[in-house]
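Hello,

Here is the structure I promised to pass on. Please have a look at it first, and then read on for what turned up.

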Amino acid sequence: MVSTMRNAKAILITLLLLNSLALTGSLGAMAQEEEPVGELPEDIWSDDYIYQNFPWYGNDKLQFNEYHDYFTMKARMLQLANANSDIMEFHEGMPGGINDRGIDMNSVSYEGSYYRHASPWVKITGGEHGVQGGECNDFVGDCGNYADRPDVMLVGNHHAREWMSYEVPMLFLETIAYYYGMDGIDNDGDGLYDEDPWGDADGDGVLDDDGDCLRLNASNQDFNGDGILCGPGDLGVDEDFDEAWITDLVDTREIYLIPMLNVDGNRYDREVFCPDPAWESCSGGGWRKNLRDNTLTGVTPLPDVSEDVDEDCDGVDLNRNYQFEWGWPLGATLPLIPGTCTPSEDERAGVSNNDVYTGPFDTVDNDGDGKINEDHVDGKDDDADQQIDEDWDGGNSEPETLFIQDITEMNDDDGDGASDFKATLTWHSYSELVLYPWGHCTGCSAPDEAELIYHGAMMAEMTQYQNMQSSDLYPTTGDFCDWHYGVHRSFCYTIEIGTAFHQKPEDIKHIAVRNLGVPFYMMEMADNPVERAQIGIENAQRAQWITSPENMTIPESGPIPINMCVSDVFPWSNDVNSSHVRWRIVTPTRVQSDYGPKEWIEQSWQDSEFVEVDNETCLLNNGANGTLIVSHIDVPDDLSGELHYKGMLGTQSGTYPFEYPASGQYYAAAFPYRAPFGNIIGAFLLFFIVVGAVWGGLGVALKIMMDSGKDKPQLGKKEAQN
Amino acid sequence: MAKGSDQFGSRVGLIFAAIGAAIGTGNIWRFPRMVGANGGGTFLIPWLFFLFIWSIPLVIAEFAIGKRARTGTVGAFRIFVGRKFAWMGLWTAWISTAIGFYYAVVAGWCVKYFTLGATNGLENVDTTDVWNAFLNDPSQVIMFQFIVIAITIMAIWKGAKAIESVNIWMMCSLFVMLFTTLALALWMDFSDGSLDGATFMFTVQWDLLAEPETWINGLSQSAWSCSAGMGMAITYAVYMRKDEDTVLNAATMGLANNSISIIAGLAVLSAIFAASPDPLAVVTGGSSAITFLALPEVFAQAPGGAGGRWLMMTAFFLGLSFAALTSMISTVELCVRNFVDHGIERNKAVGFTAAAIFLLGLPSTFVWIKMDAEGVAFPEFLEVQDHIWGYGLMFSGLFIAFSIWKYGYIKWRGMIEDGEIEGGLASFFKYGMSGFRDDFINTGDNDLWVPRAWDFIMYFAFPILFTVLIVSYFGDLISSFDPWYSAFNPSNPHGAGIILLFWGVVAALFIGFNDYVLTRRPVYLGEGHWITGLFDRSNWEMRDAPLFRNVPEGAEASIETLPGGDDPQIVEVGEVPEGWEDVYGEVMDAELA
């Protein structure tokens, strides 16, 4: 009886659902047809959604109207982990043991030098056995390890003052905690289910897949005030994701979420360095590094008499303290002698001469061969002893970076000797950028550059941030992503979120929402970043097009432009050697066979570069917006014939070529003679010369002929003379 | 008048016959295309230059040779260069005739298009479909080929007088037709606001003028279009009256030829420029395509409604047909003349030649009718024929130049032997080089005295230009192959190998013929029918072959000083050479000679 009633109820609900679906659909269609002033948010969504009330409710911190501090954040992490103990487990630091480099570590090893906290983190994984039923890792201290699940590391707050960089991971954690295991929630209360996931899911170039934001009147379309109408973080954009997809991801991935790596620095920044409100006291700067006591370590000659933080000179930039290509001069600065360091007042305003201190040089003979620092970490065997990177120059000197190093290197569930992390993300602020390796060199490219660009572009599209190579922003040394990618081939991204270090509280929510899709994307691609990128590039590549002869516009004179529409996620290189239109001019021979087929002369192929057309988009074959690039083909005006051409795109990592049209074919476009046919005065002149010579000559000849016919006797006379 | 000799009735007759021979499809369908492809007015400069440097000097030489030898090409070379070189005349005759095999087919196309135009068969049709259907229907092509040959036979059956009247009539009609087309074309071009066709045709593009290719193309157009060096002028000079001026005739013929080219070029270009959005793409396209595909489309836009369209199509294709027919006449006559020279009756020679041209032209009508990349049918067998024999003409010209060089040398040697002059290069320059000009051109008959420049042209410019043409032609041909040596694979019908193979075989054969067919003949001395004793060598004896010169009354001039002139077997028509009666028992019918 009960079961029948349930069934009847279910049917009723389904019917209602279908009804509302149809109704909304037709309303939407009508609204779009009429092109009206637009609707108001309350016409479409639930109040909770409009006011951006997260469904887990709670205080302003939980609603992201106010910043967490270290303590409230940790408490919330613990609370969520306890409430979702099947998929989440809270940790602080690691128990330790003998690490990958043979050094005995313990739980104290990872505590910050000043406040003595180890970084708090949450291990997230679901599935049948959950976060506690998998293989146990004594070093790391968790039992949620599965050989067949890719590991994803998500790290916030390397830099103390970048507060949004732990708020975004917290929203991510809240989201998983709330939605895991749910099916088909109507997140925005519009009666539709899972209709607008993150990013441009249907590939039409519009983030607002269900078009509800676009239905609003213009004044409501830029909810977050970033100037982008219906961009990420605006009402109705990517607001109704698929909960089942989140559940699937959690069940098939191991996530290591470390929202606040630099607890020491963050506490100092909040509690001491930038008095509340920080966005006013440290309007342009703040505390960046950890709290390493540089004088205590003897780096400077003067003894450190106080255990207090020397605000002028102390601290190491954690994101310059990883071992890969550590310490090389790009971007690193030394801790300066007390008295020469930038005063802290200036640092609050963002001026400092030692903010990117890499940490001390390593003075240990790491491999015990009697030599010091003979093989620094760069992936190469510098000293030719068959061991790679075994005696580093420095880096990973801090408890925080050691923690990252050990959690990375001690995670090898499948026992293949390599770290399990193939996808890593670190949040920073600010600049609205997605950065991919390398950071340590300029004008260089990573081995998987095309694939790195692809995923970067996908996340950049999702956030409407700009995707670029890290060193194109500025060169770095020993940063997180270079180390992860360089040492472990992990697809690592640095995302620079927001527009300030200490973002104002009212901006926390919409910036966090705007960036929420990114960690999920990282989770998704973590199973095989290279293959996923290659398939994605392949798809993007298919959607791209080059102007076909039918659509070509040939100008009255000058070069003929050939347009190409390239996908934003396609990592094409604008170097003429990689990407170009390959073309040749084919003209009829100047002497055609009198009776045979038309004969052509083919000039040799040439390459002509592509340039990006500013402020112009184009529609890709899959309906999405692409970037318009154009190549100007130098076809002389005074030729008539055929232009044979094809687009050839190379990626920034040197994959070459992607051909348009494919595989050895080319387009042939007829082009007309475009030069003037001549000038009338010159023509008259030549006409009179030629005609004078030919017809005049003929006239003279005929006259002589006629005359000689008349006076034959004269001929005889001439003959006689001869 | 020597008994049985034949001659044109008037000087105008000769001029018209020669002009008719010179003006062919090359003037009407090749010239406008060359102008288009070689920079409009730019092309006219080399084209005109080489008229005076190449075509007219060579035609002067031909007229002079023919007028003195009074025989066709074989006899002319036998007399002028010597017995051993009669094969050069055969080569010249063969090249002309071999071209005639397929030229009759081409002339048939022109006639077909005249009939189509005259019956409005080119109105509102896809011209490509019409062309493809026509070319793929051998019965049609053969029928028109037959019509062309029939008209040609009728024109030459009766000899010079008939040739003369047909040529005068056809050429005058051609002028009318072309002027009609020109007027309509200019009207078309002018009515769209500018005479851009004419402007283009007379505007020089200086950068193109600096290109060697423009000059080479100008030279080849001038050489081919005037039929200079083809042996045609030698043949028609046979019928010259005694007192005619070779130089004036040559100049008139060359200038008239170029005049027609200008008219045809203006008409075609104006019409195409008026009607086509990209006229240069049309005009530089394949040759058959422009004439049979593009022009009917262009003419369909002629002014004056249906009447104007009909007039333009009909006039143009009738003019084109006449141009082709008169060239065909000279081709057949060139061959026939050689038979008649050797004692074969004219009607037999005409019949045989016509039959051969018809039969050997048949493959060109239906073998290898292919489709090109743009869906236009073309006769590949015909094209290959053209490919093989087209440049053979150059060697005919070279042989004519050779006869001039040889005469100059012999005359100079003779003067030295007579003790009149010293030897040495300077002496040859002074006395040898001018030998041919002094003795055969600047005779009392001419009003125009040919200066010494002519000697330099024949001795220096000619061999240089000849080499340039041959080298550039074969150079381009070979370099268009990859690898280059594959051009020499004789099984490739478009390569250089097949040309050299055919030329080699023909030249070897003709040189072999020289002593057994051309200058000597086998005479049967055995009993009974010659078939019965064919293989018994003792029954056969080689005797000198007779050669009958067509010398009109009062035109007798000595040939004894010529290398081959001192030959008792060379007689005038009406005379009976020694031993001739043995074979035929009677004197040949002088009326038909």
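To start with chain A, 48% of its 722 residues are buried (a residue is buried if 20 or more other C-beta atoms lie within 10 Å of its own, exposed if 12 or fewer, and partly exposed in between, with C-beta atoms placed from the backbone). Please keep in mind that this is a predicted model, in which local features need pLDDT of at least 70 and side-chain atom pairs count only at pLDDT 80 or more, while totals for chains, interfaces and linings use all residues. Residues are numbered from 1 along each chain as its sequence is written, and chains are lettered from A and ligands numbered from 1 in the order in which they are written.

The secondary structure of chain A comes to 19 helices and 20 strands; these are DSSP runs numbered from the N terminus, with helices (H or I) of at least four residues and strands (E) of at least two. Of the contacts in chain A with a separation of 6 or more, 73% are between residues 24 or more positions apart. Two residues are in contact here if their C-beta atoms, placed from the backbone, lie within 7 Å.

Helix H17 of chain A

H17(A) covers residues 529–543. Which residues of H17(A) are buried? They are Pro529(A), Ala533(A), Ile537(A), Ala540(A), Gln541(A) and Ala543(A). Seen down the axis of H17(A), these buried residues fall within an arc of 150°, so they line one face of the helix; the arc is that of the directions from the helix axis to the C-beta atoms. An α-helix has 3.6 residues a turn, so residues three or four places apart point the same way. On the face of H17(A) turned away from the buried side sit the exposed residues Glu531(A), Ile535(A) and Glu538(A). The cover over the buried residues of H17(A) includes helices H12 (449–463) and H16 (517–525) of chain A, along with strands S7 (421–429), S10 (491–497), S12 (560–567) and S19 (658–660).

A buried isoleucine

Ile246(A) is found in helix H7 (residues 243–252) of chain A. With 20 other C-beta atoms within 10 Å, Ile246(A) is buried. Leaving out residues up to four places away in sequence, Ile246(A) touches Ile176(A), Tyr179(A), Tyr180(A), Phe241(A) and Phe520(A). Ile246(A) and Met182(A) are 64 residues apart in sequence, yet 9.0 Å apart in space, C-alpha to C-alpha.

Backbone details to check

Two cis peptide bonds deserve a look. One joins Ser429(A) and Tyr430(A), with omega about 5°, and Tyr430(A) is in the loop between S7 and strand S8 (433–436) of chain A. Another runs from Tyr660(A) to Pro661(A), with omega near -5°; Pro661(A) lies in the loop between S19 and strand S20 (667–671) of chain A.

Positive phi values turn up in non-glycine residues too. Gln52(A) has phi near 55°, in the loop between helix H3 (47–50) and helix H4 (70–83) of chain A, and counts as partly exposed with 15 C-beta neighbours inside 10 Å. Arg116(A) has phi of about 60°, in the loop between strand S1 (88–92) and strand S2 (120–124) of chain A. Arg116(A) is exposed, with 11 other C-beta atoms within 10 Å.

Helix packing in chain B

Helix H5 (residues 86–118) and helix H16 (residues 305–341) of chain B pack at about 155° with their axes 8 Å apart (axes are lines fitted to C-alpha atoms, for helices over the stretch in contact, and angles run from 0 to 180 degrees between N-to-C directions). That makes H5(B) roughly antiparallel to H16(B); angles under 35 degrees count as roughly parallel, over 145 as roughly antiparallel, 65 to 115 as roughly perpendicular and the rest as oblique.

H5(B) and helix H23 (residues 496–518) of chain B have axes that come within 8 Å and cross at roughly 125°. That makes H5(B) oblique to H23(B). Residues of H5(B) in this contact include Trp87(B), Trp91(B) and Trp94(B), and those of H23(B) include Phe510(B) and Phe513(B).

Best wishes

Methods. Expected span 1.5 Å × (residues − 1).
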